[in-house]
Amino acid sequence: MGVGIPVDVVLIPVGDVPWEPMERLKEELERRFRSCSIGDPIPIPPGSYNPRRRQYLSTAILRSLLQLNPPEGVKVLGVADVDLYAPRLNFVFGEAQLGGRCAVISLVRLRQEFYGLPPDEELFRQRTVKEAMHELGHTLGLRHCLNSGCVMFFSNSLMDTDRKSADLCPRCLNILLRAMRGGP
Ligand SMILES: [Zn+2]
Ligand SMILES: [Zn+2]
């Protein structure tokens with residue numbers, strides 16, 4: 001179901017990211033937004049690495065993405081293939097500025113291999129789209145939704161992610177469309 005959200009999305013590889021999941025994600029988001037393109041990669045900010053945790057601080061990556069200074073109506077989604085964390089959390093699938101212009105997701109924990117399971121490309125692709133849609137939803141001003149089938153449902157684990165859809169529930173879609181009509 002394409003909702004055609006009137007926003008242009010730019011995907012930015014953060015560090016080394018394989019081409020295939022970027023292309024797949026672009027195809028999926030093209031069906032859901034006005035447009036989606038892949039921009040030039042940026043390096044992982046060196047200061048984001050925490051050697052004790054062996055993870056990268058997602059907020060530091062968001063700050064780097066913000067420096068790209070995307071124009072009004074453009075949402076920038078960083079895609080990283082390193083494990084991300086936030087203070088007080090063991091890890092994060094992604095982070096976004098609520099109502100802002102930038103978000104980031106990590107691919108690492110979306111792969112079955114991370115959990116010692118055999119690869120499942122289709123599952124990996126679905127999870128990537130869901131995490132991307134969720135964080136982009138935050139940039140569009142949407143908060144978490146209590147509907148466990150809605151992409152804005154908070155995923156505590158991949159079980160939650162796998163259960164929910166990749167799209168907004170009618171309530172979230174309504175909130176979004178109303179905000180866009182009333183917005184500047
Ligand atoms: Zn969220
Ligand atoms: Zn919802």
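**A first walk through the fold**

Modeller: Among contacts in the protein chain between residues at least 6 apart in sequence, 63% join residues at least 24 apart. Keep in mind that this is a predicted model.

Colleague: OK. How many helices and strands does the protein chain have?
Modeller: Five helices and eight strands. Going along the sequence, the pattern reads β-α-β-β-β-α-β-β-β-β-α-α-α. The radius of gyration is 15 Å, close to the 16 Å the globule rule gives for 184 residues, so the protein chain is as compact as a globular protein of that length.

Colleague: And what does the C-alpha trace span along its principal axes?
Modeller: About 45 × 35 × 30 Å. As for burial, 35% of the 184 residues count as buried.

Colleague: Let's talk sheets. In what order do the three strands of the open sheet come?
Modeller: The order is E3-E4-E6, with mixed pairing. E3 (49–50) and E6 (84–85) stand at the edges with a single partner strand each, so one side of each has no neighbour in the sheet.

Colleague: How many bridges join E3 to E4?
Modeller: Two, and the strands run antiparallel; E4 covers residues 55–57. Tyr49 sits opposite Tyr56 in E4.

Colleague: Which helix packs on that sheet?
Modeller: Helix H2, residues 58–66, which touches E4 and E6. The direction of H2 makes about 50 degrees with that of E4.

Colleague: New topic: the largest nonpolar core. Which residues have the most contacts inside it?
Modeller: Leu11, Leu77, Val104, Ala132 and Met152, in a core of 41 residues. Elements giving two or more residues to this core include strand E1 (5–14), helix H1 (19–30), strand E5 (74–80) and helix H3 (121–139).

Colleague: Which element gives the most?
Modeller: E1, with five residues.

Colleague: You mentioned Leu77. What is Leu77 in contact with, leaving aside its neighbours within four places in sequence?
Modeller: Val9, Leu11, Ala103, Ile105, Ala132, Glu135 and Leu136. Leu11 and Ala132 are also among the residues with the most contacts inside the core.

Conventions
Residues are numbered from 1 along each chain as its sequence is written. Chains are lettered from A and ligands numbered from 1 in the order in which they are written. This is a predicted model: local features need pLDDT of at least 70, side-chain atom pairs count only at pLDDT 80 or more; totals for chains, interfaces and linings use all residues. Helices (H or I, at least four residues) and strands (E, at least two) are DSSP runs, numbered from the N terminus. The radius of gyration is taken over C-alpha atoms; the globule rule is 2.2 Å times the number of residues to the power 0.38. A residue is buried if 20 or more other C-beta atoms lie within 10 Å of its own, exposed if 12 or fewer, and partly exposed in between; C-beta atoms are placed from the backbone. Two residues are in contact if their C-beta atoms, placed from the backbone, lie within 7 Å. Two strands pair if DSSP finds at least two bridges between them. Axes are lines fitted to C-alpha atoms, for helices over the stretch in contact, and angles run from 0 to 180 degrees between N-to-C directions. A nonpolar core is a set of buried Ala, Val, Leu, Ile, Met, Phe, Trp, Tyr and Cys residues joined through C-beta atoms within 7 Å.
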